[in-house]
Every structure is written in structure tokens, then in C-alpha cells.
2 protein chains.
Amino acid sequence: MTPTICPKQVVIVGGGFGGLNAAKKLANKSNISVTLIDRRNYHLFQPLLYQVATAGLSPADIATPIRGIFSNAPNIRVVLANVHGIDLTTQKLRANGSEISYDYLILACGAKHSYFGHPEWEDFSPGLKTLEQATEIRRRILLAYERAEKEDNDQIKSELLTFVIVGAGPTGVELAGAIGEIARFTLEQDFRNVHPSQSRIILIEAGERVLPSFSPKISERATRDLANIGVEVRTHSRVTNITPAGVWLSSEFIPTRTAIWAAGVQPSSLNQFLGAALDPAGRVIVTRDLSLPDHPNVYVIGDQAHFEKKDGPALPGLAPVAIQEGRHAAQNILRQSTGQKTKRFHYFNKGQMATIGRRRAVVQAGPIQFDGFLAWATWLIVHIYYLIGFRNRLMVMLQWAWSYITFQKGARLIMSDDWHSYPHGGAKPNS
Amino acid sequence: MTPTICPKQVVIVGGGFGGLNAAKKLANKSNISVTLIDRRNYHLFQPLLYQVATAGLSPADIATPIRGIFSNAPNIRVVLANVHGIDLTTQKLRANGSEISYDYLILACGAKHSYFGHPEWEDFSPGLKTLEQATEIRRRILLAYERAEKEDNDQIKSELLTFVIVGAGPTGVELAGAIGEIARFTLEQDFRNVHPSQSRIILIEAGERVLPSFSPKISERATRDLANIGVEVRTHSRVTNITPAGVWLSSEFIPTRTAIWAAGVQPSSLNQFLGAALDPAGRVIVTRDLSLPDHPNVYVIGDQAHFEKKDGPALPGLAPVAIQEGRHAAQNILRQSTGQKTKRFHYFNKGQMATIGRRRAVVQAGPIQFDGFLAWATWLIVHIYYLIGFRNRLMVMLQWAWSYITFQKGARLIMSDDWHSYPHGGAKPNS
């Protein structure tokens, strides 16, 4: 029998890909007690968030209650709270008025949207990081069609049927493709006064090509696939202003009632408490074992951290990076708790992929690059595989099969008690 | 060839059971042009709303886009709008600032909750008529458990784990049963500091028995089934006040943080424009063919109408009543449009049913009454059968099967950006 010693307190902040995988690694380990804190009661599968925004899936399909994931791990305590302060000296967090002590800390708080110093753009161009934002974008897209159906003025109708997506990374490309698909197929039969050809989907990118983290060849293919489903790609275009009436690109104005922001992100504001060097994007520059400089018991991972590869730029804000970092940080804590030295983190790049419309995708895994239907099938299998929980996998598979066969989207609901307050909407009725 | 004559304009207000079935009856009829107006873009299957409120189903599972239902009926135009005025003399409606003329009108606007002259109770005791209300109730129930898990004060913990449902009609009974099930099974493994026996579910009824529209024998069985799953039934108890701290029954006070209103309803405020006699509940008293007295081209159906049976009270506000009335009104319009006389409405009572917890129900169809597992299976089949759309049927069946086998509820999400504003919640964090 091992002597009973006081278990080490590991606190994990954030139940995204990083924090969740760290907690899984620590589940049921002896002499480790974990507190997993999140401001939501669910883990969100962010890579499929664009499908909620485009009415293909329901919120519950891509969200799994965190408590349910760890119901069989008695050493993991799940706490619904907002962390709003960290004291590295006393090793305490402040969370909703109470204090939580830690021996080891993993910060995995992720990132939210950044409007490059223009927070006033958010109202007219919501980002896509949360379920609430996804249902809000869904509401705006469906309402734009509802209003266009009733509109006699051609100019206003054209503005209602113009959708601008800012930022051509994977999220922007996937959103644009899904809206293109809705415009061409899903809503064709539903609306009598809207012809598919009247919809314009414009994808704006400040850089020189779409999917800048992929190879130029993949970017070219993606641009061609997007053009095939009616998405106009505008590279070398920097957004200079967003108003309720539309989007400005320097001196050019694109009138639109629906703009969506998929451009910059900024890490959690908790980074300000760490006294560590931040990169220009605000991410904490971590050491080679993922810990905070001078604080070997504090780890920062995922979108919140800047980990420099030996031979290049920082690792990108992708789910596989967060997953591997989460597991590695947890393993380092296990080593430390038994007196061993920590190990350096090495990212194993499994590649990246993005889907484009209803049966195209691009995949890049090291030297292997492919696109088209095979890439789409790969994308599908990988996403189903990584989706947490048997129920969610089954539901998502069935809904995709149904959508694929029928060209329909099942979750075309405009929810919210005040849809009349649609920012650019009609008169508010008095009843 | 028939000579081309101007089609008759039929306007239907409301896409619930009544309006939807009226429109279906008029779909693809020659010389009939239908405008179906609703303030939502979806038909809501209200009998299953309590399952959204108790995390068993997602909103999209019980809502079907109205446009999709009529995409193959070119004579039906679907309009998303709020009707805020009716002029019976000029035969015009006002809807979101524009005017719509009709030759025939069907009003099927349903009912909303009524707090018997105490609208201030609504904040502390939401009703269950819309998807937004259902997700709000779900949020409150799940948050109460989250807060109880963290609470050290036994008194507050007990208040958090007390759930009061006001009104023991089918909705109240089904809600109480589902919350009882959550308390006993679903959340048992998720929460470490909450024991199932700590939850109290109290069902309050002003009348002398639960399910007053059923036979006394059924009421007795339902009371026994409710007791078996831990629901305390309080009959002869009238609510006199509801505050953030709890519910008053005359001089008795029940401390609770979660009260839900399933008691009174009131019909659409449009009834005030009709100049017709209303019953004490505010419903329009219609003629024997369902039309408005002195306005044979205006029909009022469903929860908005009071139709007196020959031998008893008015028909209750149930889906089968609205469905049959919708079909009948449409058929009368078809007769009128070809110069025939209208027919009297006769309600064919197929019976009623209510489910209690995870495998009990009560069914009453004329002289036939039964309960238990067989009733539950009947309830299941009937609800799946009436659910609109192949996709929804399949999704609901699968989620029920999953819940039944695993004792889990799939949609345990606390959504809303401001969960901190939970009315009786903790301190609002400053980050």
C-alpha cells in the first residue's frame, strides 16, 4: 500500500480542446486532484461551428456537457465559473468571488475575435467563436432572405442578398462555401421571389491568397472551388470600415446587410496577469516545455500561447495544436509530481483541411495534398472521429446524410424574441 | 378549359396546428390563393416543448420551417410578419406596416401565458409556449444544479434544488415528470455534491386534482405515478404571489429559485379588433361553422376561439381541436368559394394523453382508459406520427432511444451570453 499523501492540486482553466485533453490525461491518476473551470457547462466542437451558423446542425450536436465527459473520473471536479484574476506568487485564482489554490496550473482559455482596434464593427459584423454568435449569424442570414422575399425595391433587395465574409482562413472559406450552398440549393424552393443567381457571396482577404496557412497550390484550388459555387474571392483587400450599410475596402464600398467577421483573434485577457512577454497578437511566449518562464508549474496552451517552432513561426491556433499541447502539459505535470524532469514539446503536424461547399474540400498533410470529393470524404471522417460522444457523432452523421441527400438544412430557425430588432430591419410593430 | 377567373384571396394568420392544417387543405386548390402569415419562420410542435425545456430535445427537432412545408404548393405564399390590426369592413389586415386584403380570413393565432393579472410574476416564473421560453427554463434548471454543486449553505442549496411548477394540466404534469427524471437519473453522475434525494419537485394545482380534463380515475393514477418519481403534488393550492425568493400559497411560503408557470393562458390580443362577444378567458365565441357572427368569411379557430359543444363546455385548447378546426374552416371556405353552404363543425374526440417521467403515461379515449408502459408506448407512437417531417421524426426517435437506454439527456446546454444575470445568481464578475 502506498502511504496516503496529500494529492497535488491541478487547476485547468478552459474546457476547449486544450483543457479537455489535459484533463483526460490526468483522469483517474493517483495523487492528482483536478479542478476544471469553464465559463460554459459544455465543451464546444468549434471546427463545426460554421455549420450551426448556416443551419446545418443544432447547437447541441456540437456541444457536450463537460460534467458528462468526466462523470467516471472522481478526481476531476468541474466548476462553472469565470476566472478573473491570477496571483502567481500565492498560487491562487479568483473565480466568481471565491479563491482557488493550485499546485499546478494549466491555462487554456482560447481566443476571441479581435477587430483590430475597431470594436464598434462587432454589431454589424459578428464573429464566430460561440454558439450564441453562431445562432445570431444563422438568424441574420435567414432573416435577410425573409426580407428579400418581401422587398420590392431592387437596390435594397440586392443589399439583402449580398453576404460579405471578412477573412479567408478555414472559417471564412467554410462559411462562404456553406452560404453559397444555401443560396444555390437549400432556399431555392422556399422563396418565390428570390432567384439563386441574385445572391452574392463575397469573401474578403487582406493577404494575397485564401487559406494562407496552406500551400499556394491548395489556395489556388480552393479559389477555383469557391468560384464554382458562386463565391467571389477578393484578395489584397483590406477592410477599412464596417457600417450598418456595408463594408468599406479603402475607397470601394460594398453595400450589404449581412457581414460576418472571420479575420483576427485575440487571446484571453488573463494573459495580462502573467507578467510574461507577449507576442504582438497578445499571446504568451511559452518555454519549450510549454510552461511560463520562471513559473515551471504554470502551463499556457492552445490559442492563448505562442510556441515557437525551431525552424519557423509560432504554431497556429488549430485544434490539433491545442490537443497535443494539452496532453503534453498534463504529462509534464505528472512527471513533475513524481520528481521527474519535464519534456520538451514537439508538435506532430497531422496536416490541415477545410471544406468548401457541399462536396469539396482541401487537405494538406506534409507533402500530401489533395482536393475534391476524396478530400471531402476525409474531412468528414476526421470530423466525425474527433467529435466527442457517441450521441453527437450519430446525430451529426445522420443530419449530414439527410442534408446531402435532400439538399436541405434542418435547423433553419430564426430564434430570439426580438427578431424585429434586426439591426437593419423594418419598422418595429407596435403589438 | 375553365375560364380564368381571379382567384379568391385566403389569408391565414398563424402557422400553428390550426393554421397549418387549414393551409394544407387549401394547397394546390384551383382559384384559391393563400397567404400564410406567422411571426416565426417555423411551425412549432408545442406538445414536445417540455422536452426542450428539460434538455431532452433540441429546438430544431420540434420546429419545422413553414416555407419548407409548402415549397410544393405554388398557391401558398408564406409571409414572416406580425399582424397588428384587422379591419373587418374593408377586409384588410395591417402587418408590419403594409396592408393585406382578404376575401376569406382564418385567424389561428393561438394563446400565450396569462398570469391572472400579475404580469410581474413572469420574470420569476416563465411560461412554456415558445422555444425561447423553453431554452430559458432549461438554462434555469441546469444553472440551479450548477450553483447547488458549489453551495456550502444548506438553506440556499435546498432552495436551489427546489423546483415549483404551477398548474397541473398536461404541460405541468409532463414538466414535473421530466424534472423528476433529471433529478433522479440524468444528473446523478454529473454532480458530486448533489444527491438525487436532495431535489424537491413540487407541482401546484388550484383545483381539486391533477389533469382536471381527464377522468378522476386517471388523475388518481397520475398522482400515484408522480409520487413514485418523487414529485410532490399539492392540490387545492392557489398561488397568491411569486417573488425571486419563492412562491406563496396564501400564508404558506415555498422557498425556491426555480418556478415555472404552466397555469393560465390568454388568447391573442387580435381578438379585440373583432367586435364579437368574448368568453371570460378572452376567446371569441364562434358560430357553429366556426365563423365570426355576422362575418361568414372570417373564421376563428384553435386556442383563440370558443366553440361550444352541444352538451357541455367549450372545446379545450388542444392540438387535435385546432387541427380539426383548421381543416373544417378551410373546407367551409372551399364550399363558399363555389357557392355552396358551409357545414357545421363537429369535433371528433380522439382522446387525450400525458406522459409522466421516463416510462409512464396516461391515456383516455372515450370509455377507454389506460396507463403505465402501454400508455407510454401509445404516447410515443402518436407523437412521432404527428411530428412534421421525416427528418424531425427520425431525429426525435433516435434521441428518445438514446435517452431511454443511457438515462442521459443530450441537450444539457446553458446558452446565453449573460448567464451571470441569472435572476437569483451570484455576483457578476468584472471580466
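1. Basis. This is a predicted model in which local features need pLDDT of at least 70 and side-chain atom pairs count only at pLDDT 80 or more, while totals for chains, interfaces and linings use all residues. Residues are numbered from 1 along each chain as its sequence is written, chains are lettered from A and ligands numbered from 1 in the order in which they are written, and side-chain values use heavy atoms, with hydrogens and water left out.

2. Extent of the interface. Of the area that chain A buries against chain B, 13% comes from R67(A), R192(A) and R391(A), more than from any other three residues.

3. The interface holds 2 salt bridges, a salt bridge being a side-chain nitrogen of Lys or Arg within 4 Å of a carboxyl oxygen of Asp or Glu. E146(A) and R67(B) form a salt bridge through their side chains, at 2.5 Å from N to O. Between chain A and chain B, 14 residue pairs are in polar contact (both at pLDDT 80 or more). A polar contact is a pair of N or O atoms within 3.5 Å; within protein, one must be able to donate a hydrogen and the other to accept it, and residues adjacent in sequence count only if both atoms are side-chain atoms.

4. Elements on the chain A side. Helices (H or I, at least four residues) and strands (E, at least two) are DSSP runs, numbered from the N terminus.

5. R140(A). This residue lies in helix α4 of chain A and is buried, at 9% relative accessible area. Buried means under 20% relative accessible area, exposed over 50%, partly exposed in between (1.4 Å probe, protein chains only). A polar atom of the R140(A) side chain is 2.9 Å from the backbone oxygen of D123(A).

6. Helix α1 of chain B. In α1(B) (residues 17-26), 8 of the 10 residues are buried, so the helix is largely enclosed by the rest of the structure. Among them are F17(B), L20(B) and L26(B). Just after α1(B), N28(B) has a positive phi of about 60°.

Terms used:
Buried area is the accessible area (1.4 Å probe) that two parts lose on being put together, summed over both.
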